[in-house]
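Keep the sequence and the 3D view side by side as you read.

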Protein chains: 2
Amino acid sequence: MSEYAGSFASPGVSVGKVEKLFARLAEPPGVLATECGAGLGPVTLAYETYGRLNADRSNAVLVCHALSGDSHLAGYYREDDPKPGWWDLMVGPGKGLDTERYFVVCANVLGGCMGSTGPGSENPATGRPFGATFPVLTIGDMVKAQKLLVEHLGIERLLAVVGGSMGGMQVLEWAVRYPEAVRGAVPLATTTKHSALAIAFNEVARQAIMTDPAWRGGDYSADEPPSHGLAVARMIGHITYLSDAAMRRKFDRRLQDRCEIGYTFEADFQVASYLRHQGQKFVERFDANSFLYLTKATDYFNLENAWGGGSLTAAFSRALARFLIVSYTSDWLYPTYQSKTMVQALKKAGKKVSFCEIEADFGHDAFLLPSERLTSLISGFLATLAREEA
Amino acid sequence: MSEYAGSFASPGVSVGKVEKLFARLAEPPGVLATECGAGLGPVTLAYETYGRLNADRSNAVLVCHALSGDSHLAGYYREDDPKPGWWDLMVGPGKGLDTERYFVVCANVLGGCMGSTGPGSENPATGRPFGATFPVLTIGDMVKAQKLLVEHLGIERLLAVVGGSMGGMQVLEWAVRYPEAVRGAVPLATTTKHSALAIAFNEVARQAIMTDPAWRGGDYSADEPPSHGLAVARMIGHITYLSDAAMRRKFDRRLQDRCEIGYTFEADFQVASYLRHQGQKFVERFDANSFLYLTKATDYFNLENAWGGGSLTAAFSRALARFLIVSYTSDWLYPTYQSKTMVQALKKAGKKVSFCEIEADFGHDAFLLPSERLTSLISGFLATLAREEA
């Protein structure tokens with residue numbers, strides 16, 4: 001921090017220059033048709049932009065966020081914000097996504113709870129929140145809404161779509177659903193379909209919420225949400241984002257605030273205390289129904305079934321983008337073998353693909369942590385795409 | 001099953017020959033002093049025996065069960081029992097623990113809910129169940145109670161102590177706490193101390209129970225237990241007992257009772273349906289407070305701290321037993337590296353140890369599944385011990 005003494009903000013994305021914008025979006029005749037067959041009538045996406053769109057509109061990069069993310073990528077809204085946006089490490093002047101060169105856009109996903117239409121939004125038909133009557137969404141639905149936003153911004157073709165985890169699924173969907181609109185695809189720490197293990201973790205997390213009596217079949221009030229269930233769900237998720245090695249390094253068996261075990265059911269171990277804290281913090285900022293909808297969308301995601309009749313190679317054959325795929329050695333939620341399956345299918349389909357497995361013992365969360373390797377991979381990839389254009 | 005047509009029971013341990021016995025046990029002057037400083041006064045252990053104790057009482061094998069186990073090792077109590085005891089594969093005439101040669105004993109652990117004294121037992125001071133006023137137990141406390149039982153049965157020295165997972169921790173504790181009483185120690189799929197990852201999973205499972213409003217600070221009534229929390233806790237546990245590969249083979253992304261995803265929050269995937277079923281089944285047979293106490297005991301277990309001042313070699317130096325240690329390639333709860341740490345410390349301490357890592361993709365639960373390898377390892381190990389005696 002001392003490097004930037006005199007300014008609490010990260011360099012480049014100035015305070016007050018970032019603001020959350022909203023777009024009302026719909027396909028003709030005024031609704032968004034979801035894959036499950038429902039029509040959501042004009043939807044709102046909350047979004048933010050960084051940098052400037054160039055004259056020929058060729059420098060736009062869309063970033064897709066993961067489960068608990070939002071549109072706030074970088075910088076600070078106000079001077080007293082305790083933390084910058086979630087990918088401040090990567091987004092800003094001179095950073096991996098260089099806002100002096102690229103126009104970076106990030107929108108809260110459809111189904112989310114950070115400004116975009118989701119289960120917590122008012123159902124115009126009833127005047128009350130949708131709750132569990134909100135249509136069950138897919139990654140495809142989220143991407144469809146993002147496409148409307150991109151068009152709304154006057155962009156026909158994205159230089160790249162970038163994202164990790166659930167964001168990476170959106171990247172893959174973009175490249176296959178809208179081939180003409182994506183020149184570069186950067187799926188990080190992700191998969192084309194959840195393993196049984198990943199579904200299992202999501203299912204237990206959802207059960208924690210749905211069996212919390214305060215969930216009330218999804219029809220809870222904002223001041224009495226199913227906090228206990230959501231906290232447990234977040235704790236489960238959090239474990240899957242770390243790794244055995246990362247937890248050992250970070251916590252091992254160290255005790256919290258004491259030298260001896262307490263012989264109680266308090267959180268004596270630091271790791272226990274950390275998880276409880278993460279659960280609590282999450283409850284303050286996230287909606288339980290959104291958690292259900294977003295996790296279900298990731299479980300349903302199946303790129304090869306949706307676009308290739310069961311063949312990933314056939315699905316990827318549709319894509320026109322160049323790919324940069326990154327996995328992490330200690331990611332056991334979406335292990336490297338799943339990224340390698342993508343790489344093989346892309347090669348078979350005759351696509352241009354670079355692949356890098358980054359050595360990191362942080363687990364799945366590694367894509368959110370400082371990494372010179374990732375930064376240089378992404379900036380190099382974008383520079384290549386920009387050169388090709390020129 | 002057809003092999004044993006005409007008899008629904010497994011061969012050897014005849015129906016009706018198995019019954020649950022109870023022993024009231026205490027140290028002088030009538031209580032069991034627990035490590036946390038409480039006194040539990042005479043405690044009951046529910047136990048079962050298989051085979052016959054020989055004249056010189058040298059053929060007794062104590063089996064220690066895992067978290068959800070009980071004293072019912074093998075055979076059937078009654079003709080209409082749907083399933084035999086939990087280790088019927090291993091215990092019986094001619095099996096790995098050959099009941100024609102050995103006298104096999106298994107007791108429900110102290111703190112359990114299958115007949116032994118636990119948090120669901122009546123507190124004589126109040127006439128009501130202990131609930132959360134039950135003392136927080138350790139693996140050492142469980143083993144201390146088992147030692148009283150073994151003495152009660154007139155056995156001074158056990159041919160072997162055998163167990164997996166939490167049962168394996170008891171085996172290790174036995175060998176170090178009562179060196180003179182253990183000739184052979186067989187810890188399977190276990191560890192001398194939980195990793196941060198293992199503590200994390202236990203903590204989240206406990207939080208699922210303790211934040212269920214029905215838990216009521218541990219003071220719930222038997223007909224209104226915290227079923228939702230306990231079911232979620234069991235689901236979390238169940239995931240950790242399997243492996244990515246085992247889940248893929250068993251479930252992959254197959255759907256339950258339908259060809260298409262349902263766009264609902266029902267359990268469309270088989271793995272989700274399986275987990276919900278496991279959660280429900282567990283609630284019918286297990287006590288939520290026992291789950292809390294037993295998992296906490298495993299988190300606290302730390303053989304090197306308790307007996308070696310932080311050195312595992314020093315702890316193992318106390319042991320007189322010969323060891324057979326078994327781990328499984330796909331066990332990510334207690335990975336092989338933890339067993340190898342034991343082997344190295346035992347060798348450093350000059351102890352006799354055999355080690356086998358069994359190739360199996362079933363995950364942690366592998367020790368409960370049919371394995372000729374494990375059967376022959378155990379029967380060979382016991383035969384060697386018996387020969388040494390002779």
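On the face of H11(A) turned away from its buried side you will find the exposed residues Glu372(A), Arg373(A), Ser376(A), Ala383(A) and Arg387(A). A residue is called buried when 20 or more other C-beta atoms lie within 10 Å of its own, exposed when there are 12 or fewer, and partly exposed in between, with C-beta atoms placed from the backbone. Helices (H or I, at least four residues) and strands (E, at least two) are DSSP runs, numbered from the N terminus.

Before going on, a word on the model: it is predicted, so local features need pLDDT of at least 70, side-chain atom pairs count only at pLDDT 80 or more, and totals for chains, interfaces and linings use all residues. Residues are numbered from 1 along each chain as its sequence is written, while chains are lettered from A and ligands numbered from 1 in the order in which they are written.

Back to the helix. H11(A) covers residues 372-389, and its buried residues are Leu374(A), Ile378(A), Phe381(A), Leu382(A) and Leu385(A). These lie on the same side of H11(A) because they cover an arc of only 95 degrees around the axis, taken from the directions from the helix axis to the C-beta atoms. They pack against strands of chain A, including S5 (60-64), S13 (322-328) and S14 (353-358).

Now turn to another strand. S4(A), residues 43-50, is mostly covered, with 6 of its 8 residues buried. Strand S1 (residues 21-25) of chain A runs antiparallel to S4(A), joined by 5 bridges; here Leu25(A) stands opposite Val43(A). S4(A) also pairs in the antiparallel sense with S8(A), residues 103-107, over 4 bridges, and Tyr47(A) stands opposite Ala107(A). Pairing requires at least two DSSP bridges between two strands.

Next, see where the chains meet. The contact takes 43 residues from chain A and 43 residues from chain B, where two residues are in contact if their C-beta atoms, placed from the backbone, lie within 7 Å. On the side of chain B that touches chain A, H3(B) gives the most, with 11 residues.

How far can you trust all this? The model scores ipTM 0.92 and pTM 0.94. Chain A averages a pLDDT of 93, and 96% of the residues score at least 70; pLDDT is the predictor's confidence in each residue, from 0 to 100. Over residues 1-11 of chain A the pLDDT is below 50. Where pLDDT is low, the predicted coordinates should not be read in detail.

Key: Expected span 1.5 Å × (residues − 1).
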